[in-house]
Amino acid sequence: MSANAAEPKPSESSANATAKILLDEEQQQKIIARLAAVGATGPCLRCGNPHLEIQNGIVKDVLQDTSSQAAPSPGAHVSFAPLVSLVCKRCGFVLQHNLGILGFVKDGKIEI
Ligand SMILES: [Zn+2]
């Protein structure tokens with residue numbers, strides 16, 4: 001295999017940044033176990049496929065300030081709901097669970 005000079009190489013810092021935001025295997029298994037404990041083991045809501053895959057990252061869903069129609073501006077205080085996603089391996093439908101409800105947010109920090 002020959003090297004392609006035009007192909008971008010990931011820098012050391014971006015590789016480290018990526019590693020920090022990903023859920024490791026142990027964290028994913030803890031989430032899956034918690035979902036099973038609360039009975040959240042059903043199939044895809046769209047196509048019925050029982051094979052859902054946990055995504056190895058946390059989604060931060062912005063909570064809109066309902067007192068204003070303005071979108072949050074950069075640097076403005078915004079609240080987030082920490083979500084974990086499950087993706088259907090057949091149709092791509094995404095299901096999300098709030099990590100706070102699942103007990104993984106303590107004192108405002110995500111602890112899995
Ligand atoms: Zn599906």
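In this predicted model, G100 touches P82 and V105, leaving aside residues up to four places away in sequence. G100 sits in the loop between β3 (94-98) and β4 (105-106). A81 lies 19 residues from G100 in sequence, yet the two C-alpha atoms are 7.9 Å apart in space. G100 has 14 C-beta neighbours inside 10 Å, so it counts as partly exposed.

Three strands form an open sheet in the order β1-β2-β3, with antiparallel pairing. β1 (52-63) and β3 are the edge strands, and each pairs on one side only. From one strand to the next, the twist averages 35 degrees.

Strand β2 (residues 79-88) pairs with β3 over five bridges, in the antiparallel sense. V84 stands opposite H97 of β3. L86 has L95 in β3 as its bridge partner. In a regular strand, side chains alternate between the two faces of the sheet. The hairpin of β2 and β3 has five residues between the strands. There, G92 takes a positive phi near 85 degrees.

A helix accompanies the sheet. α2 lies across β1, β2 and β3, and runs at about 85 degrees to β1. Helix α2 (residues 25-37) has 13 residues, so at 1.5 Å a residue it should span 18 Å. The C-alpha atoms at its ends are 18 Å apart, which agrees. G39 follows α2 and has a positive phi, near 85 degrees.

Definitions and conventions:
Residues are numbered from 1 along each chain as its sequence is written. This is a predicted model: local features need pLDDT of at least 70, side-chain atom pairs count only at pLDDT 80 or more; totals for chains, interfaces and linings use all residues. Helices (H or I, at least four residues) and strands (E, at least two) are DSSP runs, numbered from the N terminus. A residue is buried if 20 or more other C-beta atoms lie within 10 Å of its own, exposed if 12 or fewer, and partly exposed in between; C-beta atoms are placed from the backbone. Two residues are in contact if their C-beta atoms, placed from the backbone, lie within 7 Å. Two strands pair if DSSP finds at least two bridges between them. The expected span of a helix is 1.5 Å times one less than its number of residues. Axes are lines fitted to C-alpha atoms, for helices over the stretch in contact, and angles run from 0 to 180 degrees between N-to-C directions.
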